[in-house]
Amino acid sequence: MNTFYFLQKTPGEIDKIIAERIRGIRKRRKISQKSLSERSGVSLGSVKRFEQSGEISLRSLTKIAIALGLDHELAQLFEEVPFLSIEEVINEQD
C-alpha cells in the first residue's frame, strides 16, 4: 500500500478511497453486492451505503474483508508503524 496516498486526506476522503478499493475487488471477482451481503452477513443496505459513501462500522468492514479473503490485509493495517521519535522507542520499553 502506498502510505503517501493518504497524506493530506480527510477522514471522509480516506473512507471513500477504502470503499472504492473494496468495490473494485468485489467487481473484479464478479461478486454482486447482494452476494457479498449474504457471504459477509452485512446487510445489503450497509454494503451499498459503504460503497457509495465510505461509511461503515469497523465490525462490518471486517466481515466484508473476511468474505473477500482480505482479512490478512486488514490484520496488517497498523502492524509496522515506524517510530516518530526516540521518546516513542523508550516508551515502548516501559
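Predicted model: local features only at pLDDT ≥ 70, side-chain atom pairs only at ≥ 80, totals over all residues.

Me: Is Arg-26 buried or exposed?
Reply: Arg-26 is buried, and so is Glu-51.

Me: How should I read a salt bridge in general, and which residue forms a salt bridge with Glu-51 at 3.8 Å?
Reply: Side chains of opposite charge can pair when their charged atoms come close. Here Arg-23 forms a salt bridge with Glu-51, the closest N and O atoms being 3.8 Å apart. Arg-23 lies in helix 1 and Glu-51 in helix 3, so the pair ties together parts 28 residues apart in sequence. Arg-23 is partly exposed, at a relative accessible area of 37%.

Me: How many salt bridges does the count come to?
Reply: The count comes to three salt bridges. One of them joins the side chains of Lys-34 and Glu-38, at 3.8 Å from N to O. Both residues lie in helix 2, four residues apart, about one turn of the helix. Lys-34 counts as exposed at 52% relative accessibility, and Glu-38 counts as exposed at 58%. As for the other residues discussed, salt bridges that share partners join Arg-23, Arg-26 and Glu-51 into one network.

Me: Which residues are buried in helix 2?
Reply: Ser-35, Leu-36, Ser-37 and Ser-40 are buried there, and the buried residues of helix 2 pack against helix 1, helix 3 and helix 4. Take Ser-40, with a relative accessible area of 11%. A polar atom of the Ser-40 side chain lies 3.4 Å from the backbone oxygen of Ser-37. Beyond neighbours within four places in sequence, Ser-40 is in contact with Lys-63, Ile-64 and Ala-67.

Me: Where is Ile-64 found, and what is its relative accessible area?
Reply: Ile-64 is found in helix 4 and is buried, at 0%. Again leaving aside neighbours within four places in sequence, the contacts of Ile-64 include Ile-22, Leu-36, Val-47 and Phe-50. Ile-64 and Gly-41 are 23 residues apart in sequence and 8.2 Å apart in space, C-alpha to C-alpha.

Me: What should I look for in the backbone angle phi?
Reply: Most residues other than glycine have a negative phi. Lys-30 has a positive phi, near 55 degrees. Lys-30 is in the loop between helix 1 and helix 2 and is exposed, at 77% relative accessible area. Just after helix 2, Gly-41 takes a positive phi of about 80 degrees.

Me: Which residues make the nonpolar surface patch?
Reply: Leu-77, Phe-78 and Val-81 make a patch of about 340 Å². Phe-78 is in the loop between helix 5 and helix 6, and counts as exposed at 66% relative accessibility.

Conventions
Residues numbered from 1 in each chain as written. Heavy atoms only, no water. Buried < 20%, exposed > 50% of the residue type's maximum accessible area, 1.4 Å probe, protein only. Polar contact = N/O pair within 3.5 Å; in protein donor to acceptor, adjacent residues only side chain to side chain. Contact = heavy atoms within 4.5 Å. Patch = residues over 30% accessible without salt bridge, like charges linked within 9 Å, V, L, I, M, F, W, Y side chains within 5 Å. Areas by Shrake-Rupley, 256 points an atom, 1.4 Å probe, with all protein chains shown as cover. Salt bridge = Lys/Arg side-chain N within 4 Å of Asp/Glu carboxyl O. Helix = DSSP H or I, 4+ residues; strand = E, 2+ residues; numbered from the N terminus.
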